[in-house]
Every structure is written in structure tokens, then in C-alpha cells.
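Here is a walk through one interface between two chains. Look at the model first, then follow the strands and the helix below.

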Amino acid sequence: MKMPGLEYRGVKNIDGPLVFIDGIHGAAYDELVEITLGNGERRLGQVLDVTTSSAVVQVLGGTESIQPAGTRVRFLGHALQIPVGKSMLGRVFDGIGRPKDGLPPPLGARRRDVNGSPVNPFSREYPRDFIQTGISAIDLMNTLVRGQKLPIFSGNGLPHDRLAAQIARQARLLNEDVEFAIVFAAMGVKHDVARFFLRSFEESGVLDKVAMFLSLADDPSVERMITPRSALTLAEHLAFDEGMHVLVIITDMSNYCEALREIATARDEIPSRKGYPGYLYSDLASMYERAGRIRGQEGSITQMPILTMPNDDISHPIPDLTGYITEGQIVLERDMHQQGVYPPVASLPSLSRLMKDGIGKGHTRDDHPHVASQLFSAYSKVKDIRALAAVIGEEELNPVDKLYMQFGREFEQKVIAQGEFENRSIEQTLELGWKVLRILPRVELLRLSEEELRQHYDVAGPEEKGAAP
Amino acid sequence: MSEVNSASETVIGRIVRVNGPIVEAEGMGMAGMHDVVEVGDRRLIGEIIRLRNGVATIQVYENTSEMRPGEGVVGTGRPLSVCLGPGLLGTIYDGVQRPLERIAQASGSAVIPRGIKVPPVDMGRTWHFVPSATVGEPLGPGQVFGTVQETVSMAHRLMVPPDMTEGMLTDLLPEGDYGGDTALGHVTTAAGAVQLLGFYHYWPVRRPRPVRARLPLEQPLLTGLRVIDTFFPLPKGGAAAIPGGFGTGKTMTQQALAKWSDAQIIVYIGCGERGNEMTEVLREFPELTDPRNGRSLMERTILIANTSNMPVAAREVSIYTGITMAEYYRDMGYDVAIMADSTSRWAEALRELSGRLEEMPVDEGFPAYLPARLAGFYERAGHVTALGGGQGSVSIIGAVSPPGGDFSEPVTQHTSRFIRCFWALDRDLANARHYPAISWKSSYSEYLPDMGTWWTQRDAEWLHDRSTLMGILQEESSLQRIAKLVGNDALPDSQQLILHVAEIIKNAFLQQNSFDATDMYCSPEKQVWMLRLLAGLARRAMALIRNGCVLSDIERMDGMERLMRMKSEIANGDSQGMAALEQQVNDGLERLERSLSR
């Protein structure tokens with residue numbers, strides 16, 4: 001066993017974000033390293049690979065102006081830890097949990113390993129508490145539940161930040177007056193994005209319930225590797241030690257993945273798709289899986305990562321692997337955005353996997369599952385009919401198809417579209433859903449039961465209903 | 001694994017390098033390839049995967065954070081093995097057979113502490129043993145010497161381990177309640193060696209359990225999913241793959257199969273997937289009852305959970321752990337089905353470990369031995385005569401998660417070489433929430449001719465009816481291309497009828513609602529009935545159109561709306577309801593036929 005605190009002078013090689021150190025003894029894998037530059041500046045690093053006498057260290061502050069000779073390296077004897085505590089709410093930190101708001105470090109904070117530990121699948125509690133976001137596109141069609149990980153797949157220039165802020169502002173549980181604590185992590189985004197969120201939290205008066213971890217576009221890229229882990233470590237403490245319900249917003253995962261690729265390349269690793277390392281899936285999972293609920297404990301972590309799909313391509317490795325881990329995805333669509341629809345949620349590729357257990361009887365309203373299923377099925381038919389109408393012209397469509405066209409328009413404009421500050425109850429949302437379904441003839445609505453049709457379809461006057469052909 | 005503890009506790013080597021889950025140790029000349037070792041001060045479980053000049057490369061099944069060179073490595077001299085015996089059913093394990101429920105109890109923590117050692121089965125539990133072999137008689141490998149009632153519905157047959165030598169049963173305890181570590185009897189070989197019989201034995205996970213003979217596959221594995229049973233059937237002992245991009249319903253299909261397929265034992269492996277999915281199974285299965293015996297589904301299920309955030313090396317081994325347990329129950333004479341969700345995550349674990357070993361990759365970074373490993377896994381499926389003489393089967397259903405939903409990637413491509421049943425999930429169907437989203441265009445089952453024999457015993461016209469519906473669906477997909485350009489209404493009535501009937505087949509037959517209490521499981525009898533009804537309707541409607549009937553008359557025919565809802569509104573055993581509907585539809589058709597001939 002080596003005593004922590006032993007200091008070595010000089011590093012052998014510097015390559016990208018990595019330094020290679022020789023002639024050491026007894027360093028540990030994943031150990032935290034303090035690097036002191038010739039000018040006295042200190043940076044932290046992590047051991048990525050270690051042998052009896054050498055180590056590869058990734059430098060969180062970047063390798064800029066590190067000189068091989070004048071640098072001193074000290075191994076600290078433990079993995080990277082960050083302070084955690086309730087007093088961190090209302091504060092702003094850098095990617096590794098150091099205050100960034102000019103205030104002293106949080107008082108009485110405990111320290112936790114940023115990597116966390118995998119939760120025993122047996123100890124998990126299945127999430128099924130409906131969260132009302134007040135946004136119809138989510139509540140009705142892609143319901144969020146407490147403890148879910150639901151990412152927003154977006155593209156550059158799309159309003160994902162506004163949507164995330166609106167969710168943070170409006171999210172609440174039915175029949176329960178518990179507010180969410182919000183942990184916000186930003187990796188490689190611009191200052192204005194961070195400021196937008198700060199102002200949005202301020203205006204809605206929740207700032208004292210928010211902890212922010214910022215590693216912005218001009219901060220060293222390696223720090224982005226730690227930022228989401230720091231945020232999740234604090235979230236775990238708040239949820240499972242303090243019993244709070246925590247909403248974690250992480251933006252932008254694409255920047256995180258690029259930092260990961262940068263380090264993998266510097267280590268000469270064999271790349272898989274698009275140069276990303278083969279372990280990108282496992283690495284992403286080690287963060288996304290830090291969401292959920294624990295049996296017998298009060299708190300929960302609901303995760304909402306944001307990622308911008310390069311070139312709006314959903315099959316790019318980042319959204320692709322994310323979609324395989326997360327419990328669904330909210331996909332934003334450029335066409336709808338250009339048509340002025342906010343939020344531009346693409347209904348068909350969006351999905352919430354936990355929706356089935358969080359809606360319906362005892363959660364939202366009995367008819368919710370069938371209404372959602374019917375809307376999906378009808379809207380997917382609209383897409384086919386639109387393609388046909390583009391060829392033969394809308395006038396040539398048969399009467400039922402014309403009704404579908406009308407349904408499609410109204411669905412987009414009246415159900416999906418809403419104001420950025422409009423907060424709809426689930427009841428209002430379901431009524432809007434029925435209103436557009438009543439455009440269609442009764443015989444088309446195969447996914448709704450006879451009973452539901454009697455109760456909701458037959459109630460309105462005949463002028464509202466689609467005429468049977 | 002528990003026997004690791006009882007093994008020799010000597011330090012045989014020293015760590016010289018730590019690189020994530022891959023650790024190198026020197027001084028390992030005495031160790032064997034694939035031996036289990038305990039690594040470092042925390043004594044984490046690992047397996048030797050390379051030996052070179054006394055330096056062993058070890059893949060470690062737990063997180064190696066804070067491990068340092070210089071720490072010791074303890075050898076066990078045994079390959080990675082699973083403990084087999086009563087008490088496996090209803091248990092949830094991680095990839096190296098650690099019981100997750102008892103880990104939670106032992107640690108009092110919601111996370112899995114590193115280095116924790118809990119025996120895979122509760123040795124303190126007593127079992128009611130009923131001997132079935134006779135003292136003084138010869139007894140060989142695989143032969144049953146006694147039974148215990150493992151769960152209410154499942155008799156567990158205790159067998160002589162396959163690696164034991166045949167000999168004379170010299171003693172055997174009488175019927176009674178005994179603890180898990182009791183010596184139940186002894187077998188003495190001709191050479192005089194005395195071998196111990198107990199409730200438990202160990203078997204190396206990477207070595208298939210031997211069988212006496214492989215048998216042809218003749219019985220379908222009935223799943224209650226119409227698109228599978230009727231269109232793309234899988235036999236007991238067959239191998240199937242379910243490839244599909246994210247959100248197309250792989251896990252939902254796997255879970256439906258685990259719930260309703262008529263195997264007697266289910267081994268469900270969550271390999272590199274979501275933690276909440278395993279929680280869902282854990283929560284849901286005990287509450288669901290087996291439609292065949294009314295018992296809880298959990299009583300016939302073994303869960304193996306190595307979720308995506310758990311160590312990657314344990315993910316690699318989890319499918320071997322699962323299939324070895326499946327083979328054990330097969331040897332008792334049971335039909336076992338194993339669901340591996342997802343084999344792509346397993347292949348990625350191989351890739352990640354291969355990368356860390358600095359092996360030369362072939363396509364997309366996967367190692368050259370990927371196809372060999374896949375073949376080795378799927379070949380462990382089969383319908384066999386076991387060593388003991390009984391017949392049993394292992395069916396494998398592997399989910400595949402191709403990146404970007406692109407089936408041309410290596411794992412899907414190699415997998416399709418080793419399976420004979422391909423259930424392709426389709427993105428467009430999933431987007432329209434048509435579940436199960438199994439595409440009738442790109443799926444296939446090479447087992448169809450053999451399975452057809454079974455089905456035609458129930459309905460002589462089965463193959464003919466099935467190909468009528470398949471023909472209509474194929475014709476529809478080529479007509480759709482034209483319809484997309486000119487619109488349905490511009491097509492002649494005969495073609496519009498094809499589109500209309502195809503729509504009925506999709507909605508009334510192929511689509512199945514897993515949340516509907518009736519529709520979630522469809523009995524084979526009801527499937528036969530539905531198939532006959534739809535095929536008859538299709539053929540007679542086409543004849544009507546040829547003879548000048550108007551399409552809208554057929555569309556508005558009596559009974560059509562009830563036909564569309566028969567999957568959920570007529571219960572499985574309700575043959576009267578089906579007969580009434582058949583009568584109604586036939587009457588409607590007859591009326592139309594009469595009106596034409598007039």
C-alpha cells in the first residue's frame with residue numbers, strides 16, 4: 001500500500017488530453033491525481049490505465065501549458081469525489097463541483113464518488129407516478145412518469161431548451177403538492193444557453209431549488225466527462241438520502257460523447273461507428289441508468305437529457321445508443337418547427353416506454369390509453385394520405401381520406417401546438433384529443449371501445465362528427 | 001460463486017496492470033485458462049482469458065476502480081461454473097449467478113457492494129427428498145436418483161452429474177427433509193472410487209451439458225401471439241432472433257413470450273438492458289398466472305439481470321450462465337425457453353473486452369471470433385434425449401439491437417446464419433403502434449413445413465388458409481406502391497378488395513393488444529378458427545367481386561364490425577361465440593352470392 005501524498009516530478013509524454021507518467025509506484029486505477037504546473041497552477045486528473053511503474057492520466061483541466069519537466073504529480077489515494085448536500089441547491093458549480101458563483105464551498109457537505117455504484121435491479125421500484133407537464137404532446141402521447149429517463153432528441157436551432165425549461169417550470173404530480181428539485185448539468189453549451197436556463201429558473205421562482213453544474217463551450221473538454229456524473233451524484237444524494245424528487249436536465253449529450261471520442265482517440269483505441277469507442281453504449285448507460293426509484297425510499301430521479309442529433313440523423317450513434325438505453329424519447333422535428341408549431345414534437349417517432357403503466361385508471365383517466373393509441377394510429381394514416389395527396393391532389397381524395405387530412409391539421413394545430421407558458425391539465429388535453437377524434441367517422445375508431453365511444457364520441461352534436469361515408 | 005470460497009485461498013499472482021475491467025497479473029504459471037480467480041484486496045471475481053509467459057489477462061466481473069498493481073490474485077483452480085439444484089426457480093441472479101435479492105438483504109443497501117459474496121442458493125433451506133433409485137443397482141450420469149418439489153407446480157429431478165462415472169449406488173437416504181448441504185448418497189465405481197451425490201453440483205458455463213441424442217423438432221412452441229404461431233412458428237428446441245431498432249418492441253415481445261409461451265421453464269436474461277425492465281418483470285410475473293396450471297408465472301421463471309450499467313465482463317458471461325441453467329432443466333425432461341435480451345449488448349461486451357485486449361478487429365470493431373461465439377450459443381438450443389433417457393428441449397429467442405435499425409450490421413447478419421426463425425421488427429409498424437411489430441414482409445420461419453404438420457392435425461386446410469392470407473399481404477404490399485401514387489379509389493374493385501382484406505387481416509389478426517385481458521393471449525384453437533374465418537372470407541369475397549358484386553356491399557356486410565373486434569370480444573374458450581360469428585359472416589356472404597345469381 002502506498003501512502004497518498006507522495007509526489008513525482010516530471011511526466012514522460014503529453015498527448016491530447018492525456019499525460020503519461022513513468023517511474024511511479026503503486027498508483028490505483030481511476031485514482032484522482034493532482035497535477036501542479038511549473039507556474040504553481042493546479043489541475044486534477046484521473047488514472048485511465050496503470051501498470052506497476054507507469055500510469056496514463058486524463059487531465060480534467062486540459063493539458064495546455066503542461067511541460068514535461070517542470071510538472072509535479074501527486075496521487076491522492078482515492079477516486080474523484082464531489083461534495084454533496086442540500087445546501088448545494090441554489091448554487092452554481094463547475095463540472096467537478098467547485099463553486100462558480102463566487103461564494104465559498106457549501107457548508108457541511110459530504111463527499112461522494114462521482115461514479116456511483118450500480119443499483120441492484122432487485123432494489124428498484126418500478127416507476128408509475130404520472131407527471132403532468134402541462135404539455136399535451138407529452139402528457140397525452142408520450143407520458144412522463146416519476147423516475148423515468150426520457151431524453152429530448154433535437155437538432156441545432158430547434159427549441160429544445162425552451163421545451164426543457166417549460167417542463168421544469170410546469171412539472172407536477174396530480175393530487176400531490178411536492179415540488180421537484182432540479183439538478184442542471186451543461187456540457188459544452190454556450191454561455192447564453194446557461195444564462196437562458198438561469199433566467200428561466202429565476203423568473204419562475206424556483207432558483208433556490210436548482211443546483212447547476214456548468215462546463216461550458218470554452219471550458220476544457222475533458223471536464224465534460226465528469227460534469228454529468230457530478231450532477232447525478234448530487235441528485236442521488238438528494239433523492240435517496242434526503243428523500244427529494246429530483247429532475248435532472250443534462251444538455252448537451254452530444255458534446256459529452258465528443259469529449260469521450262477525443263480521449264479514446266488519444267489513447268489509440270480501436271474505434272467502432274463514426275470513430276466513437278466501442279464502449280460508448282456502456283459509458284452512456286452508466287449515466288442514464290442513474291435514474292429511477294428505490295424500493296422503500298421516498299425520493300426519485302427523473303432524467304431528461306438533451307442531445308442534438310448531428311445533421312438531424314436519428315440513426316447517428318449518439319441518439320441511436322441513447323434510445324436503446326433510455327425509456328423512450330421526445331423527438332423534435334424541423335418541419336413542424338418551420339411551420340411555427342411549438343413544441344415541434346414529432347408524434348410518431350416519439351415514445352414513452354413507461355407510459356403504459358402511468359396512465360389510465362387510477363393514474364390519469366380511464367380512456368387515456370385507448371385515446372393515445374387511436375391518435376397514433378390515425379395520425380400515422382394521415383402521413384400516408386398526405387403522401388398520396390401530394391401526388392394526386394387533396395381534391396381527388398375520397399371523403400374519408402379528406403376527413404383524415406382535416407384531422408391531421410387540427411391535431412397538429414390544436415393538440416400538439418400550444419403556448420410556451422400554457423399549462424394544460426390532463427383533462428383539458430384529453431378533451432382536445434376527443435375533439436379532433438370526432439372529426440373521423442365512428443367506424444374508423446377501432447382502438448376505442450364501444451363504451452368509450454358512447455361516453456365521449458356520441459356526446460357531441462352531429463355537426464362535429466365525421467359523416468359516415 | 002460459493003465454492004470459490006471453499007477453494008484454496010493462496011495468493012498465486014500479483015497484479016501488474018489495471019485497464020478498466022481487464023487486469024494483468026504475473027506469476028500465474030500455475031493457473032489454467034478460463035479459471036476463476038479473486039482479484040485484488042477486495043477479492044473481486046474474475047476469469048482468466050489469456051495466459052502468456054506466466055502473465056494472465058483477467059476479465060473482472062466487478063468495477064475495478066481504486067485497484068492497484070501489486071495487489072494479490074487468489075486462484076481457485078476451477079473454471080467459471082454455476083451451481084445447479086433446487087431453488088433456482090423464482091430467483092433473480094446477476095450475470096455470475098449471484099442472487100440479487102439476498103445481496104440486497106445481506107448488504108442492506110440498494111447498490112451492489114463490490115466483492116460481496118453470497119452463495120447462489122440458500123444452503124440453509126430444507127427440501128423434502130423422495131428417493132427414486134434403488135441401492136445396489138447401477139447408476140450412471142444423468143440418471144435420476146430422487147425428486148424434490150421445487151415449487152408447487154414443478155418437480156425437480158435430482159440427477160447424477162454428467163461428469164461422474166457410472167457405478168453402483170451404495171447408499172441413499174430415505175424420504176425426508178434435508179438441508180441443502182446434505183450428502184444424499186454415494187456411487188462407487190468399478191475402480192472403487194466413491195462419489196458423493198448431493199442436492200447440488202457445479203457445471204462450467206462455457207461447456208454445453210452432454211446429451212445422448214439430438215431429436216427432430218416437431219412440436220411448436222405455442223406463444224399465444226398469432227403472428228408467430230400462425231405465420232412464423234418456432235418449434236420447441238428451435239432458435240429464433242428478434243432484430244429491431246429501438247422502440248420497435250423487442251422487449252415487449254420477449255416479455256410476452258416469457259409470459260405466455262407453453263415452455264415449462266423460462267430463463268429470462270436481461271443482458272445489458274434497462275434496470276427498470278427487470279423490475280417490471282419482477283413486479284409483474286408473480287402476479288400473473290400461468291394459463292395452463294393457474295400458478296404464478298414466477299414459479300417457472302429464472303431471471304438473470306445484468307443491466308447496462310453493471311460490469312461489462314459479467315454481461316459477456318450472463319448468457320452462458322442462463323443457457324447452462326436451461327440445459328440443466330432440459331436434462332430433467334422439461335421444455336425450456338430462454339430469452340436473451342439483447343444479444344447485441346453481449347456482442348458489444350465482447351467487442352469492448354476484445355478492444356482492451358488489443359486484438360485485431362474485423363467489421364465494425366467486432367472480433368473475428370464473433371460468429372463462432374454466436375454459433376456456439378445458438379447451437380445449445382435443441383430437442384434432445386438426455387443422458388438419463390428423458391426428452392427435453394431448449395428453445396432460444398435472442399433479441400438483436402442493430403444500430404440505426406440497419407439489419408446489414410455484423411451481429412444481425414451473423415445471427416441470421418445460426419437461427420432458422422427470423423422475426424423482424426418494423427419501424428413503421430411500431431410508429432403506428434401496431435404491436436407486435438413483426439413484419440410479415442421480412443420475417444421468415446424455416447420450420448414452417450414441420451410445424452404445418454402439427455397444425456394440419458387441428459385443421460386440414462391450415463397450410464392452405466395460411467398461404468391465402470400471406471398471398472393477400474404480399475399482393476397488398478405491391479399494390480400499395482401503386483395506391484400511393486394514384487389513390488385507392490382509382491384501382492379496380494378487385495384490387496381495392498385486396499387492400500381492404502389486407503387491412504382486416506392486419507387489424508383483426510396480426511395486431512394484438514398486450515394490455516387487453518382477452519387479446520394478450522390467443523389459444524391455438526381460436527387462432528385456427530380466426531384463420532379459417534378470414535381465409536374463407538377472403539376467398540369468397542374475391543369470387544363475389546369477380547362475379548360483379550360491389551365492393552361496398554362486402555364492406556358493409558353483416559358481421560364485419562364484430563369480425564374486426566373478435567380478437568378482444570370473443571374469449572379464448574368461447575367456441576359458441578366463434579361459431580355464431582362464423583355463421584353470421586357465412587350468412588352474409590351467402591346472401592350476397594344469392595343476390596348475384598338471381
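β5(A) and strand β1 (residues 11–19) of chain B run antiparallel and are joined by 2 bridges. Two strands pair if DSSP finds at least two bridges between them. Thr51(A) has Arg17(B), in β1(B), as its bridge partner. Helices (H or I, at least four residues) and strands (E, at least two) are DSSP runs, numbered from the N terminus.

This is a predicted model: local features need pLDDT of at least 70, side-chain atom pairs count only at pLDDT 80 or more, and totals for chains, interfaces and linings use all residues. Residues are numbered from 1 along each chain as its sequence is written, while chains are lettered from A and ligands numbered from 1 in the order in which they are written.

Now take the whole interface. In chain A, 62 residues are in contact with 57 residues of chain B. Contact means that the C-beta atoms of two residues, placed from the backbone, lie within 7 Å. On the chain A side, β5 (42–51), β7 (72–79), α6 (280–288), β19 (292–294), α7 (317–325) and α10 (368–392) each supply at least two residues. α10(A) gives the most to that side, with 9 residues.

Stay with this helix. Leu388(A) lies in α10 of chain A. Beyond its neighbours within four places in sequence, Leu388(A) is in contact with Lys484(B) and Gly487(B). Is Leu388(A) buried or exposed? Leu388(A) counts as buried because it has 20 C-beta neighbours inside 10 Å. The cut-offs are 20 or more other C-beta atoms within 10 Å for buried, 12 or fewer for exposed, and in between for partly exposed, with C-beta atoms placed from the backbone.
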